[in-house]
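Here is a note for a colleague opening this model for the first time. Please read the points with the structure in view.

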Amino acid sequence: MGITTSLPDPVAARPQLSWLKPLHASGKEQLESLGWPGRKTEYWLHTPITEALEKLPKTAETEVLPEFNQLTTIANIEAIKVVFVDGVFIPGLSSDLSENTHLNIVSQLEEAQQRSFLQRINQTFDLALNAKDHIGAWHNLSLLSDGLIVQLPADVKLEQPLQVVFVASQASCTAAPATRIICDLARGASAQLIEHFVTLPGAEGSFSNQLTEIDLGAGANLSHYRLGLEGHSAVSLTAVHASLGQDANYDGFNIGFGAACKRNDLVIHHQQGGSHCELKGIYLPRGNEHIDYHTCLEHRVPECTSNEVFRGIMADKSTAVFNGRIHIHQDAQKTLAELSNRNLLVSPDAQVYTKPELEIYADDVRCAHGATVAQLDEQARYYLQSRGISRKDAEVILSFAFINELIDQIDLEPLAEHLRPLLNDHFAKTLQHSGD
């Protein structure tokens, strides 16, 4: 049974937290200094973020939230659910967090916790990066109003998956509150984090800006799933900045349906030896949608490993960008790092810009990278059709097979089972008008 409730104007409902004003001022100052990137900005060369922002509504409108459970429930997962609607925390749609001392809502922090949060933000990873490349992080800081803090002590395991839901409605606009997740896992701690992005049915021109910062202590383990299921007219800026300690393990899975303009920045820092990063992703734009994944794996120390695999299927007149960079610093000897990006074009009008990069300054390393762009295999399609399978169903089967290997590698099996019918339905709708 769904929940129906009126949504507040996100600008008016933004928590008035005076203690965040120094952060807002810093973010606004950088935004004014840098400006939004244009077509000549290398890091945004193929992603027209400025044009997309100009098309967004300038004012907010209230909406109604229909069938909320249907949008955000993942069957067979008893998750701790934290819900933000247009950047505002909604307690009535979230789990009761009063007994969970490891989880805190930013807008509900007490004075001592506020000081700790500000100190943590001042040490943030995104601000240490090239500012002009990460303009979305400054926008996030200038409008930061709410978010979630996850702090697990040494050797503590979060028994239930943590599902953080970001709901965008037509009420959201470029002035809507921005959110941030701070996820700090101490030595030996472990957790499963699901970020779930959805747009309300019928919403047009929604906007969201969300940033997640992760600090994994020695031997800590985080499984991180990011479900970018926004609507086709949404504009979205999301980022993940992670720091890995000694023998820490970060396992990230990303899936992104297309939107009017969607940008995802993923930056992983290997800070101490023995850490491992597993980074996988699937992107599936269609229509006139645009999606952009920029990833950067920073190997700063010896004896760390990374494995990155992204696959995309582009349909109709959609556009995708994948820029994957592996940076091996001079001291990062005995690094093992691999990057693979494979793309499938199911329409002659679809486009993909893929740019895998290796930048190596150490000499005792094993690294590889590669990218491919192809179309559906005609022989495989003919084989399926010769067995009585329709052309449309054959294309759905081949499209699903192209990404199913990554779905099968999701450790959280109920999540994989949740995604499979969504993907089958997505492919069926995508390919129903495709030509020969």
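1. Start with Leu-109. Leu-109 sits in the loop between strand 5 (103-105) and helix 5 (111-122). Helices (H or I, at least four residues) and strands (E, at least two) are DSSP runs, numbered from the N terminus. With a relative accessible area of 9%, Leu-109 is buried. Here buried means under 20% relative accessible area, exposed over 50%, and partly exposed in between (1.4 Å probe, protein chains only).

2. What does Leu-109 touch, not counting residues up to four places away in sequence? The partners are Trp-19, Asn-104, Gln-114, Phe-117 and Ile-149. A contact means heavy atoms within 4.5 Å. Leu-109 and Ile-149 are 40 residues apart along the chain, and their C-alpha atoms are separated by 9.8 Å.

3. A word on the basis. This is a predicted model, in which local features need pLDDT of at least 70 and side-chain atom pairs count only at pLDDT 80 or more, while totals for chains, interfaces and linings use all residues. Residues are numbered from 1 along each chain as its sequence is written, and side-chain values use heavy atoms, with hydrogens and water left out.

4. Now the overall picture. The protein has nine helices and 21 strands. Of its 436 residues, 57% are buried. Take the contacts between residues at least 6 apart in sequence: 86% of them join residues at least 24 apart. The protein exposes about 18100 Å², and carbon and sulfur atoms supply 48% of that area. Accessible areas come from the Shrake-Rupley method with a 1.4 Å probe; for residues, only the protein chains shown count as cover.

5. Next, the nonpolar cores. A nonpolar core is a set of buried Ala, Val, Leu, Ile, Met, Phe, Trp, Tyr and Cys residues joined through side-chain atoms within 4.5 Å. The largest one has 51 residues. Which of its members touch the most other members? They are Leu-162, Leu-185, Leu-216, Leu-222, Tyr-250 and Tyr-283. Strand 18 (residues 319-328) gives this core its largest share, four residues. A second, separate core holds 33 residues, including Ile-255, Val-396, Ile-407 and Leu-415.

6. Aromatic pairs deserve a look. The structure holds seven of them. Rings of Phe, Tyr and Trp (its six-membered ring) pair if their centres lie within 6.5 Å; planes under 30 degrees apart count as stacked, over 60 as edge-to-face and the rest as tilted. The Phe-84 and Phe-166 rings have centres 5.7 Å apart and planes at 10 degrees, so this pair is stacked. Phe-84 lies in strand 3 (residues 80-85) and Phe-166 in strand 7 (residues 162-168), so the pair ties together parts that are 82 residues apart in sequence. Both Phe-84 and Phe-166 are buried.

7. Why is the pair of Tyr-293 and Phe-310 called tilted? Their ring centres are 5.3 Å apart and their planes stand at 55 degrees, so the pair is tilted. Tyr-293 is in strand 16 (residues 290-299) and Phe-310 in strand 17 (residues 305-314), so the pair ties together parts that are 17 residues apart in sequence. Tyr-293 counts as buried at 2% relative accessibility, and Phe-310 at 0%. Elsewhere, ring pairs link Phe-84, Phe-89, Phe-166 and Phe-197 into a cluster.

8. Charges also sit over rings (NZ of Lys or CZ of Arg within 6 Å of the ring centre and within 35 degrees of the ring normal). Arg-263 lies over the face of Trp-44, at 3.8 Å from the ring centre. Arg-311 lies over the face of Phe-402, at 5.8 Å from the ring centre.

9. Finally, salt bridges. One is a side-chain nitrogen of Lys or Arg within 4 Å of a carboxyl oxygen of Asp or Glu. The count comes to 21. Arg-263 meets Asp-265 in a salt bridge (3.2 Å, N to O), and both residues are buried. Arg-325 pairs with Glu-298, with the closest N and O atoms 3.4 Å apart. Arg-325 lies in strand 18 and Glu-298 in strand 16, so that pair ties together parts that are 27 residues apart in sequence. Arg-120, Arg-180, Asp-184 and Glu-213 are linked in a network of salt bridges.
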